[in-house]
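Dear colleague,

Please find below the structure that I am handing over to you, together with its sequence. My notes on it come after the display.

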Amino acid sequence: MIDREKEYLALEYFEKAYRLHISGKINEAIIAYRKSLTYYPTAKTHTHLGWALSLEKRYEEAIEECKIAIDLDPDYGNPYNDIGTYLIALNRFDEAIYYLQKAIDTPSYDMKYIPLYHLGKIYELKGSYFTALKYYSDSLEVNSDFEVAKTAYYKLVAMLN
């Protein structure tokens with residue numbers, strides 16, 4: 001089979017997986033993402049597979065998929081952010097900080113407000129409230145409509161008053 005055919009089949013399975021994923025059929029989505037990867041592995045597909053695995057609380061497997069994504073494309077910011085969120089779920093905050101910072105430092109990643117928010121969340125959980133406020137504020141500077149960061153910021157300000 002020539003590469004174009006493999007790429008086409010990979011894309012077909014990725015799109016099927018994504019539809020299943022969004023509709024809540026996570027196990028079926030995982031199977032379809034894996035099928036896509038057999039034809040043509042991409043950083044995006046590995047990252048989405050990680051996301052689906054995380055919804056099953058299979059965080060270690062999700063992290064491994066994201067690490068494969070990073071190996072395939074170190075400039076793709078999503079897997080760094082995703083690893084950070086999975087590490088937060090595992091209460092491995094210091095490791096999460098490293099990956100979230102990598103997401104922010106990735107030049108082509110255009111959703112830097114998300115890892116900034118997650119850094120705020122980590123520092124709030126660690127009791128470093130003023131550092132948390134700074135990260136929430138930084139997140140809102142990048143995207144003033146990011147409601148999750150807005151809520152976290154004002155909730156923390158109210159708590160500190």
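This is a predicted model: local features need pLDDT of at least 70, side-chain atom pairs count only at pLDDT 80 or more; totals for chains, interfaces and linings use all residues.

Residues are numbered from 1 along each chain as its sequence is written, and side-chain values use heavy atoms, with hydrogens and water left out.

The chain as a whole

The protein chain has nine helices and zero strands. Helices here are DSSP runs of H or I with at least four residues, strands are runs of E with at least two, and both are numbered from the N terminus. The C-alpha trace spans about 65 × 30 × 30 Å along its principal axes. Of the 161 residues, 44% count as buried; the term buried stands for under 20% relative accessible area, exposed for over 50%, and partly exposed for what lies in between, with a 1.4 Å probe and protein chains only. Contact means heavy atoms within 4.5 Å.

The pair α3 and α4

Helix α3 (43–55) packs against helix α4 (residues 59–72) at an angle of about 170°, and their axes are 8 Å apart. α3 is therefore roughly antiparallel to α4. The axes are lines fitted to C-alpha atoms, for helices over the stretch in contact, and angles run from 0 to 180 degrees between N-to-C directions. Angles under 35 degrees count as roughly parallel, over 145 as roughly antiparallel, 65 to 115 as roughly perpendicular, and the rest as oblique.

On the α3 side, the residues that meet α4 include His46, Leu49, Gly50 and Leu53. Their counterparts in α4 include Tyr59, Ala62, Cys66 and Ala69. By class, the residues of this contact are nine nonpolar, four polar and two charged. In this scheme Ala, Val, Leu, Ile, Met, Phe, Trp, Tyr, Cys and Pro are nonpolar, Asp, Glu, Lys and Arg are charged, and the others, Gly among them, are polar.

Lys57 is placed in the loop between α3 and α4 and has a positive phi of about 60° although it is not a glycine. At 61% relative accessibility, Lys57 is exposed. Thr42 is found in the loop between α2 (26–39) and α3, and is partly exposed at 24% relative accessibility. Apart from residues up to four places away in sequence, Thr42 touches Leu37 and Leu72.

The largest pocket

The largest pocket has a volume of about 320 Å³. A pocket is an open set of points on a 1 Å grid over the protein atoms alone, where a 1.4 Å probe fits, with protein on both sides within 12 Å along at least five of seven lines; lining residues have an atom within 4 Å of a point. Grid points are joined across faces, edges and corners, and the volume is the space filled by probe spheres set on the points.

Of the 16 lining residues, Trp51, Asn81, Asp82, Thr85 and Tyr86 are the closest to the pocket's centre. Helices α3 and α5 (78–89) each supply at least two residues of the lining. The lining has eight nonpolar, six polar and two charged residues.

Asn81 is found in α5 and is buried, with a relative accessible area of 5%. Beyond four places in sequence, Asn81 touches residues including Tyr99, Leu100, Tyr109 and His118.

Tyr109 has its place in the loop between α6 (93–105) and α7 (113–125). Tyr109 is buried too, with a relative accessible area of 4%. Leaving aside neighbours within four places in sequence, the contacts of Tyr109 are Gly77, Asn78, Asn81, Ala103, Ile114 and Pro115.

Asn91 lies in the loop between α5 and α6 and has a positive phi of about 60° although it is not a glycine. Asn91 counts as exposed, at 56% relative accessibility.

With kind regards
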